[in-house]
Amino acid sequence: MTESTLRAPSRTRPFPKPLLALTLLMLAAVLPAPAQEDVTLTLVGSAMMHGPDDEVRADLDFEFQLDADGRWDREVWAFGMNYVREGHYERSIGKMDNRGEILTLETDGDTVRLDVAMRFMGHPHIGEGMGPRRWGRYRIEVTRDGDTFRGSYQGLFHGWPVAGEVSGRATPPFVRTIDGVTPPAPGEHPRLMFRRDDLPVLRDRARNTPEGRAMLARLRERLEGDISWGNSRIPARFAAGYGVLYQITGEAEAAERAREIVARIMAGEGQHGRMLQRAPRVMATALAYDLCYEAWDEPFRRRAAAWVEHAAWDVLNMGGGGGLNDHPHSNWMGLAFGSAGVAAMAVLGDPVDFPDPPAAPPHARLAPPQDFEPGPGVPVADHEPGTMPREWLLVGPFDTAAGDDFLAGIGGRAAARPRRGQEVRFGDVTRTWELSTAFENDMLWQHDHFTGPQPALDTLVPIRRAYFSTSYYYLALRNRTPGWFRFHSGTRAGGDTAVLYLAGLRLLPGDVVHLGEGLYPVMIEIAVGSTEPWGKILLQPRFEPLTEEQAAQHKAVAEAEYLRDLREWQAGRDAWREAGEVSVRAREYVRRAQRGVARHLRDAVGERGFNLEGEGYLRMTMTLGLLQFLHGQRTALGQRFGEASGQDWLLVLPLITGIGPEGARPAYGPAGWGGRGQQEERSAAFAMGLSNVPEAYLPAARWWFDRVFGLEGGDGTFNIHLPSQAGFALMNYPFGVEPRNPGEVLPRAVRDRYHEYFAFRNAWGETEEGHASPDDLLAVFYGRGTVRHYVHQASTSPNFRIVGFGQQWADLNRVGVDEEIEGRLWGEVTFAELDEATGSGRVTLDMHRQYRLRAQDAERPEGSPSKALRAVAVDYSGRSGAPGLYAVVDTVEGLTGHTWRLGTAAQPRVEGNRFTVERGGATLTGLVVAPAEAELHPERNALRVRGGHRFFVVMTLQRDTDPPAFTAEGEGLDSRVRVGDRMVWFDGEKLVVE
């Protein structure tokens, strides 16, 4: 095969001419080394939502890789998600990575011309009208200026012309190579948790170290628990746990037990469609396959590999299930792409069967069968083009995993001619054809966005939401107007599927057929996945009329599409054979998973591990797929993401912000880290994530880990909650690292510039017993530097919190106002100074967007106040006479009814403009310096301050000592406040502490 990169010459040079499909699949057979530079070119309006008559266009980000010599890798990816309207996502052709290649490349100085061919993926949130796949061809011309690109493009999207502007930039590569890691050879297992060469060391640890013996004992203890088939994630975790036991001890019965569980999983037992269940189930099953590969016989191994490979494809395409939030910054996507990547890495180079060839498009003139007579009770509907019939015979549901053609007993789905009341038997299940009579009340549902002006059938109603099931709809259709028609099902591409058998002819959504005058038997088979309890799976079968010219055009496009599909299938089959009948598709799935995980890390996690959705959601993502992928990518591929990904800080940030042995911290978002979090979906984050901790920080990680989960005062669980997690603990625990107090290793002040999150910590103390002390002080300031919609939010406004002596003392959101404000937009840091050695620091945040009026006022056409800011200062020097000194300034111009509200650990005691909060022998004391006529109102767990629009508050936190005296000179924001040997004031832009 030809080289995988092309050096750009000063004239046009075509890539070799094998078919695009063949090139793509052959390129997929090798994972190229990470690039030296990533280039993203945004093609404005280069895709269409619903076709050429729709004015809605979507931008595509075309992503390329360049090597050290400036050569462009021929592989290109396009992502169809738009970031528009101040953080809102607005247009999308599906939030998927679409794969293509550069056909020709030409350079002229700093100008680059590219001819790119693309194939676009289907997506469950895209209607069938665009079809499940789309082809694109683009001529791009850009000029480079430093790290930026500008230019234009012309092209075809699914045959429709598009053109527009191009902008772009070059960045350091997101994927890096790890020196000294050799990718596994085909058939080499295990490879994901650990490699074969690691086993002697791991077995020695399990036999000869107290920590290793404790981990092995914990594994056996966890395997004695309830497998709980009601939670579809759990059985696969047990199967992987038995795999760990087999690898560490050599006990053959453990591998056999894993096989029994995996066989039940592959048979569909306990399956669930929600991505939070489905993807981790796939991931853990892949781990079990990897761990037990050598112990299972070849036929079962091959069957398991095929299941894992297909499951990776299914998760990546997000089909067949519900409960999906497909925005890249959603926790769903981090765990989905991570889980799929683990599955794909598990079967790289392993023997699998190749799928059947694609079916040719039917495009035929279909006469009504002459001998057809509807059976008793069969509805007969007059064909009204573009309209769905309202009465059907219905039979079902049948368990989709149990078979294929559930009507085989009455002639098969294509030939069956049922009657009302007729029984259908399949295995032990008997169903009866019944007339659906409750359409108007229960099954019909209409929504302009989802169904258009006409209603659709909610297929879950008559089967009582029987997920992962197949049902059949049947009627006789009388056509009185001969002509060409296109079949529409109303289902969504990539998700639940509907197939129509018209007089025995199989039609998929989008297929075209010519109907004569007469009566036709119509059978629809619909296989549903799952959805949320309130969700719907729709069916809206109808035939849309076409002219002769339109039908001819469709035939030409459909045949060309089919020939592309067939050639791609043939190329894939040839590559599969050439590779020794092993998986070649898994390599593409690995690349797609890498891109999805990278995008999630970039958009959600940021650069220092603070998650946009909050810490609980991050932890769920980490433990249900993300950490397993990052670990496997390192172990099996010798690759990792760069520093900008936040990968290195996934555990480092919790080490900095965790207080005491229970890990109390100012958690953001629902279901935070609080305590040890041993619930299944948030367990073992530390055991699995230790491999991401930078080497310089491992002494601190071990110090904390030992005191929480280990044998030095910890609970002895080693963070192992489910059996599969034991292998990661045994592999990742830093046996040879000498523990050191985190204060000697970690920075005490941290800034995440992507999210504008700041953490300030004073120390990591120890009790007399050597445990982690709860006496440390921590302050965090979330500046809400990014805004993404359609996901949960860590906080809906910028927020400042103070934690110390084992509890949270203060929680400050934005200033309340009378007007209805936008309230969800971002802030901008205008000043930041952090002292990593002491943990002290100062930050100023421009917050005027937070107070933008939701509905513009005629008297204030700008719609926002002229100025709004928050400045905070944290001082741990002790020179104030207290361990912690804190100051806050809030100003909001141009609005009314300002209320400054501080959430507190207990009801404050107020004396004039001073307040005190007491709890557990410690106190938080404060002085409200501004407004000058401040009104302090204590509540059960809060302090409200009113009296102006400029607020200046100074606080100290102490225990076992009297609070220092506060002395204020001046008035309002011009005041200077002395606290011990410290002077605090506001200079108009920032707080000053001297």
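Modeller: Keep in mind that this is a predicted model. Leu276, Pro280 and Met283 in H6 meet Met620, Leu624, Gly625 and Gln628 in H13.

Biologist: How many of the residues in that contact of H6 with H13 are nonpolar, polar or charged?
Modeller: Five are nonpolar, two are polar and none is charged.

Biologist: At what angle do H6 and H13 pack?
Modeller: About 35°, with the axes 10 Å apart. H6 covers residues 275–292 and H13 residues 615–637.

Biologist: And is the crossing of H6 and H13 left-handed or right-handed?
Modeller: Left-handed.

Biologist: Switching to charges. What is the count of salt bridges?
Modeller: The count comes to 56. One of them pairs arginine 591 with glutamate 75, at 2.9 Å from N to O. Arginine 591 sits in helix H12 and glutamate 75 in strand E6, 516 residues apart.

Biologist: Are arginine 591 and glutamate 75 buried or exposed?
Modeller: Both are buried.

Biologist: Back to H6. Which residue forms a salt bridge with arginine 278?
Modeller: Aspartate 314, with the closest N and O atoms 2.6 Å apart. Aspartate 314 is in helix H7, and arginine 278 is in H6.

Biologist: Why does aspartate 314 count as buried?
Modeller: Because its relative accessibility is 19%, and buried means under 20%. Arginine 278 counts as buried too, at 8%.

Biologist: What about lysine 536 and aspartate 458?
Modeller: Their side chains meet in a salt bridge, 3.7 Å from N to O. Lysine 536 is in a loop between strands E26 and E27, while aspartate 458 is in strand E20. Lysine 536 is partly exposed at 37%, whereas aspartate 458 is buried at 3%.

Terms used
Residues numbered from 1 in each chain as written. Predicted model: local features only at pLDDT ≥ 70, side-chain atom pairs only at ≥ 80, totals over all residues. Heavy atoms only, no water. Axes fitted to C-alpha atoms, helices over the stretch in contact; angles between N-to-C directions. Helix = DSSP H or I, 4+ residues; strand = E, 2+ residues; numbered from the N terminus. Left-handed = near helix turned anticlockwise from the far one by under 90°. Contact = heavy atoms within 4.5 Å. Nonpolar A, V, L, I, M, F, W, Y, C, P; charged D, E, K, R; others polar. Salt bridge = Lys/Arg side-chain N within 4 Å of Asp/Glu carboxyl O. Buried < 20%, exposed > 50% of the residue type's maximum accessible area, 1.4 Å probe, protein only.
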